[in-house]
Amino acid sequence: MRINQYIAHCGISSRRKADQLIEEGRVFVNGKKVTSPGMQVEEGNDMVKVDGKIISSEVNKVYYMLNKPLRYISAVSDDRGRNTVLELFRTKERIYPVGRLDYLSTGLLLLTNDGELANRLIHPRYHLEKTYFVQVKGDAPENLKERFQKGMFLDGYKTKPAELEFLGKRDGIIKYKVTLREGRNRQIRKMFEAARLKVVSLKRISMGDLYIGNLKEGEYRALTSKEVQYLKKVTGLKENKE
């Protein structure tokens, strides 16, 4: 197994973050510093250390859903001193966010120490539909829904078809429900900006068949076994039954 894959499998980080750990010289195998993320390791025969601690795949896998509050960053740490979503948790396991929800957005965010599942969930091949409640200011063009459905050219690429549902208008604020089939950086904000509309609030309410429900901002809960099985099924992973 590749060393970066093994680190993710042990729940230490995502595979992408594992590459960074290797690049920073924080990973050792049998006492020697790892220099390539493609290095092969064999569980049971090789001793792998990250930051001086031996890691093992025999860890308790945990899965959480968070209702991310405003002005929290979806990261383990932040060099600008902003609050991170991990500050909201009281768990003994070392977890990390699956994907991202930007600083000024709220709503459903998954966190886990299951690196293999996390990698699948952020891979374009297994992308789950995500639905958002969005409030905007401005004069909406009549063809806005059609533009979302046909796709827009943003930053040199054309977005995949997205669903836009008008929910109402009050005091100059227009409310929409938006469903995306891809996860590009700040995509919803950019799509509305392209239509000369300013997003004033954005909340993710679902990912595939997972819904935020009545979870309050800043609160989190463990996923049910049924929800975990669903995520593994849609990403092509088999559920281990012991």
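Colleague: How many residues does the largest nonpolar core have, and which of them have the most contacts inside it?

Modeller: Happy to! A word on the basis: this is a predicted model, where local features need pLDDT of at least 70 and side-chain atom pairs count only at pLDDT 80 or more, while totals for chains, interfaces and linings use all residues. Residues are numbered from 1 along each chain as its sequence is written, and side-chain values use heavy atoms, without hydrogens or water.

A nonpolar core here is a set of buried Ala, Val, Leu, Ile, Met, Phe, Trp, Tyr and Cys residues joined through side-chain atoms within 4.5 Å; buried means under 20% relative accessible area, exposed over 50%, and partly exposed in between, with a 1.4 Å probe and protein chains only. The largest one has 32 residues, and Val-134, Leu-144, Phe-148, Val-178 and Phe-192 have the most contacts inside it. Among the elements giving two or more residues are β8 (130-137), α4 (144-150), β12 (173-180) and α5 (187-194); helices (H or I, at least four residues) and strands (E, at least two) are DSSP runs, numbered from the N terminus. Strand β12 supplies the largest share, four residues.

Now zoom in on Val-134: leaving out residues up to four places away in sequence, it touches Ile-174, Tyr-176, Val-178, Ile-188 and Phe-192, among others, contact meaning heavy atoms within 4.5 Å. Apart from this core lies another, of 20 residues, including Tyr-63 and Leu-223.

Finally, helix α5 also holds Ala-194, which counts as partly exposed because its relative accessibility is 37%.
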